[in-house]
Amino acid sequence: ISPLIGCRKPGTQWGITFHMLNHPPCPTYRLVSLLSLMFLWNQAICSPGEGRSIWQRPKSNPIIKEQLFLEETFPQEFLWGSGTSAFQTEGAWNQDGKGVSIWDYFTHSSDSETADVASDSYNYWEEDVAALGYLGVRSYSFSLSWPRLFPDGNATGEPNAAAVDHYSRLMERLLEKKVEPIVTLYHWDLPQVFQDQYGGWKNDTLVEHFKEYAEFCFKTFGKYVKYWLTIHNPYLVAMQGYGTGLHAPGEKGGISSTLTVAHNLIRAHAKAWQTYNTHFRQAQNGKVSIVLGSHWVEPHRGQYTATNAALCQQSMEAVLGWFAKPIFGDGDYPVSLKTKHAALMPIFTPEEKLWVQKTADFFALSFGPNNIRLGQSVIRYGQSITADLRRLLSWIKLEYGNLKVLVAEAGWFSNASVGREDTLAIYSMKNFIHQVLQAIKFDGVQVFGYLAWSLVDGFEWNYGYGVRRGLFYIDFKQPNRTRLPKTTAQYFKQIVASNGFPNDETSLDVKGQFPCKFHWGIAGSTLQFHPFSPQFSDPHVYTWNLTGDGSLRPVPGLKLNTRPAQCTDYLAIRNHLRLLASTGASHYSFALNWSLILPEGGRSNVNTEALRYYRCVLTELKRLNMEAMVILYYPSHRAPNLGLPGPLHDSGGWINNATIEAFLEYAALCYQELGSWVQYWITINEPNRLIDVYSNVTQRHQAAHNLLLAHAKAWRLHEREFSAEQKVLVSLALHADWAKPANPFLESHTVAAERFLLFEIGRFLDPLLGTKDEETKGKYPHEMKVYLEERARVSGLPGSPLPHFTENERHELKGALSFIALNHFTTRLVAPNPHTQQTPQKESAPDHDCVILSDSTWPTSSRGQALVPWGLRKMLKWVNQRYGTALPVIVTASGIDDQASVEDKLRQYYLQSYVHEALKAYHLDGVNLQGFYVLRLQDRHDPEFGLFTSTHHQSKAKNSVALYREIIANRGSPNNSTTQTCRPTEQQEICQMCEWMFNNKPMLVFWGCLLITFTMLAALVVFVVINKRNQRYDRGKRKRRGNQKRKNKATAYGLCPAVRY
């Protein structure tokens, strides 16, 4: 026998075909065949769907198209809606003949809060319909109260007429308003009589009772309803109601009771579906499903291995698969559950498997805090719970087939104290809806509807009224239970009206390019000082103690002549700047080391060697036809004493006025010694970040005050004593991240975001530039002063901590800026700090008194930096509007950390998108933008901000180097076909040959040596050949001369007459 077993597709039955082969009837063969059949049968029965494969595909890079925020709309007929449940919102617990539910009994039997009135939706249902109209949704999910319809639970008897009328009126009104009713038969409020009589869902008698109840509802309300949901989240009913006792009926029966209850709930659902399918589908043409809740897990430490995928699969099967596999699969439980619980696991008979499987017309999913919290109990081996709805939807498709899916419950909770200002819930909603859109567009999941949970505040089960999930706020102390829209309601209304996330102005493209004089720069921090080799400057001769301690000892009395030190002695400079030149950048920004140049803080001890080193850097830059932007003071937590000379730091640093004068003395020295090679000076880098190190409010304001004065004095010094010879620009650089109101529907958040910008930027620029008004120069922002005064008054302080400028100081400050230098990296979501009597204001709170929130839909780096390109344009536009266009603006640092060693895709996307937004600011907003500097040239150690790897990793160029060169070549234009070339005098030509030569130094040296050797050898051969030829020539010449002499002599003898004697 040879069994052929194929893979089972959703909606098909397993088939086994046997082929009779011509083999002898050998017992051994039969045994082997039987064992093979059993093995393959077991594999066919136990093999899971393809769901586990999702963990073997690592989560995508955050900057590829499928992970970026998707600005698109949902399908045209997408079913937007909201939902509630009867017990949570109806109230009227004993009104109009309603019976007692297990939740009524459960809450009345303890000291907990009750839902006797709750949202009073039984009496204020018309207000609920009006709330749906406000949202503009096309569906409303609500549940019927079984004990309200049948106080004794028995659906074969007479129903409660008042309840039937109530639900009929509600459904008729919904249809009048073109809102589709989505009706749940059972949302946890079992008639108490069944609990008393049968022990609730532990008894399989309830399966038949539920079937009869469902049949009544289909028959009575079926003409109104196209979408039926039998049971809401049976996992929580079984686990919390009968296992842990956290929910009604409060039984703590453990896993045995939980498994039995779950079994009966599945059978009850199947009975209801079969009833509708047999008796009502043809006439009513509706659809029936069950709402299943789930969590989501990711593998241990993000390690996507087959073992971890199996563990994650087991975690999902322990919650969602427990109910989904019997209903959407083969009518039986997951193998992992049967293995885990063994004999405790109930068994479906073969007949039951047939009428349980495929008993749902679509997949209805609940994804919210209840399941995610409870999911922690099924985590194993370090797996992590995440709120990733997209991955869950993809898993459902892989595991159970390409079903139509309704997100029947999605949302998060807020603390009751937030009232209507539920800002965090906005971002949870945005994240969930965006993940659904991604699942539809990129993963092909057939999601046809999304129900935001819940419509109104209600009774939140074991949490009572301490948490809220409603889109509409209800004050439960007020008898009229007025529905007031929260900010989530406003946000959801906006999404429904737009049918998703259509493109906005930040998505607009721009044509054009930056001018030829635009700065394309690389920004660095404090340039490290590398001492040169002493081989040319040390006059001593040394002996090497080879057999002893191996030390070098100078020979007494013997000295050599030396040459003066040269810049070529600093080998590190040339290597560093060759990397720089290979980027195609025209400018380089780096910082001097104040504490190195003036160790004591004053000019009594000047490190001339350090100055010479920086001078060599500047001259080499000039030789490479590059301009320098030099930062005098670059405070850093990495540097000792925040980069200050030790004595200055010890005497109070920037809260001591003496530091101002010391900085002025230091600036004068740098202008004098280095000014001839510098075109742009930055006095202080990011003073608005430096002041954060001071925990005391007064000290922070004093430090900011002194930093401003130090800059102004240094600027005036250059204007007074050096500007005639050095035509340069002087500024200070500010950390300038954009601030977006966290809640766009609240004026308080808009005010907080503006206040954030004033404290971050305006505090330093207003005194220098004013606000297009000459009278405001030399003063702090008016709004900032008013805010601090009011804050001091409320806090009972004697006055504002903000210092005042004297008339002389105001005069020095006015106009003491040659250009606006901004370091921009990301965008912050800003909200006002919610001060209450329970949370008093802390002394260490930031001066702007704002809190920073996050948007999970923004891509982030490994260090948590959000990648928000449009924030740069917003920041530049704000500066432009407040300070005008008279001064040029330069983005003096911008970059992102990327852990990739070579293929730094995150940085590449960052560069492309941020430069594009800068181009928009230049062309569309009229910003006088004249430069963009990328942070930074090289990593210090591991891959981070650098365009090149560290020297420990051979200083390799990352892929972003080539991209930045291309951006520079195209002058920022995204379309290189429109790029007009600049004359060489206007823009530095990119030396690609230089880069190639630098990257291939070893090969060039080798071939150079080989060429020299070959040339010398050839010259030697030529020399030898010529020499031998000359020798032969000389020998021949001498021989011919000798022959001639002999011939002449012989001739002479022949001419003499004979002598006779």
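**Close-up views of a predicted model**

**View 1. Arg 971 in its loop.** Arg 971 is placed in the loop between α32 and α33 (992-999). The model shown here and in the other views is predicted. Phi of Arg 971 is near 55°. That is a positive value in a residue other than glycine. Relative accessibility of Arg 971 is 7%, under the 20% limit, so the residue counts as buried.

**View 2. Asp 96, with positive phi.** Asp 96 sits in the loop between α2 (86-89) and α3 (102-108). Phi of Asp 96 is near 55°, again positive in a residue other than glycine. Is Asp 96 buried or partly exposed? Asp 96 has 40% relative accessibility and therefore counts as partly exposed.

**View 3. The cis peptide bond between Leu 935 and Arg 936.** Omega is about -10° at this bond. Strand β29 covers residues 929-935. Arg 936 lies in the loop that runs between β29 and α32 (959-969).

**View 4. The cis peptide bond between Trp 453 and Ser 454.** Here omega is about -5°. Ser 454 belongs to the loop between β13 (446-453) and β14 (467-468).

**View 5. The largest nonpolar core.** This core holds 283 residues. Which of them touch the most other members? They are Leu 144, Trp 201 and Phe 221. Domain 1 (79-498) contributes at least three residues to the core. So does domain 2 (519-533 + 570-744 + 817-826 + 868-973), again with at least three. In soluble globular proteins, nonpolar side chains tend to be buried together.

**View 6. The surroundings of Trp 201.** Residues up to four places away in sequence are not counted here.

**View 7. A nonpolar patch on the surface.** The patch is formed by Leu 1017, Leu 1020, Val 1021, Phe 1023, Val 1024 and Val 1025. Together these residues have about 550 Å² of accessible area. Val 1021 is part of helix α34, which covers residues 1001-1055. How is Val 1021 classed? Its relative accessibility is 46%, so Val 1021 counts as partly exposed.

Methods
Residues numbered from 1 in each chain as written. Predicted model: local features only at pLDDT ≥ 70, side-chain atom pairs only at ≥ 80, totals over all residues. Heavy atoms only, no water. Patch = residues over 30% accessible without salt bridge, like charges linked within 9 Å, V, L, I, M, F, W, Y side chains within 5 Å. Areas by Shrake-Rupley, 256 points an atom, 1.4 Å probe, with all protein chains shown as cover. Salt bridge = Lys/Arg side-chain N within 4 Å of Asp/Glu carboxyl O. Helix = DSSP H or I, 4+ residues; strand = E, 2+ residues; numbered from the N terminus. Buried < 20%, exposed > 50% of the residue type's maximum accessible area, 1.4 Å probe, protein only. Core = buried A, V, L, I, M, F, W, Y, C linked by side-chain atoms within 4.5 Å. Domains from an automatic or database assignment. Contact = heavy atoms within 4.5 Å.
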